[in-house]
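Reader: I am new to this structure and would like to learn to read it. Could you show it to me, and then take my questions one at a time?

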Amino acid sequence: MIELVRSNDSVLISFVTSLLTDADIEHSTTDSHMSVIDGSIGAVTSRVLVAEGQLAEARSLLDDAGVDVEAG
């Protein structure tokens with residue numbers, strides 16, 4: 001799995017995962033519950049990972065949706 005998005009914005013993470021789910025792109029979200037542990041200070045960001053073979057498709061999907069993601 002390769003990192004597609006890293007953000008403290010839970011709405012963005014939710015939107016991205018929704019887009020990926022609807023497009024049947026294999027993905028995983030990590031560190032989404034770490035804010036409970038770190039006291040909600042945002043020191044640990046959530047990450048969305050996608051299958052290596054679907055990275056280009058996922059980036060294109062996010063671009064079409066207007067999500068500005070730096071290429072990793």
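Reader: Which backbone nitrogen does the side chain of Ser7 reach?

Author: Welcome! This is a predicted model, in which local features need pLDDT of at least 70 and side-chain atom pairs count only at pLDDT 80 or more, while totals for chains, interfaces and linings use all residues. Residues are numbered from 1 along each chain as its sequence is written, and side-chain values use heavy atoms, with hydrogens and water left out. Ser7 lies in strand 1, strands (E, at least two residues) and helices (H or I, at least four) being DSSP runs numbered from the N terminus. At 2.9 Å, its side chain reaches the backbone nitrogen of Asp9.

Reader: Is Ser7 buried or exposed?

Author: Buried means under 20% relative accessible area, exposed over 50%, and partly exposed in between (1.4 Å probe, protein chains only). Leaving aside neighbours within four places in sequence, Ser7 is in contact (heavy atoms within 4.5 Å) with Leu12, Ile13, Thr45 and Ser46. The relative accessible area of Ser7 is 12%, so Ser7 is buried.

Reader: Which residue in strand 3 is the bridge partner of Arg6?

Author: Two strands pair if DSSP finds at least two bridges between them. Strand 1 (residues 2–7) and strand 3 (residues 46–50) pair in the antiparallel sense over five bridges. In strand 3, the partner of Arg6 is Arg47.

Reader: And which residue of strand 3 does His27 stand opposite?

Author: Strand 2 (residues 27–30) also pairs with strand 3 in the antiparallel sense, over four bridges. There, His27 stands opposite Val50.

Reader: Why are the buried residues of helix 3 on the same side?

Author: In helix 3 (residues 55–64), the buried residues are Leu55, Ala58 and Leu62. They lie on the same side because the arc they cover around the axis, taken from the directions from the helix axis to the C-beta atoms, is only 65°.

Reader: Which residues are exposed on the other side of helix 3?

Author: The buried residues of helix 3 are covered by parts including strand 1, helix 1 (10–22) and strand 3. On the other side, the exposed residues are Ala56, Asp63 and Asp64.

Key. Polar contact = N/O pair within 3.5 Å; in protein donor to acceptor, adjacent residues only side chain to side chain.
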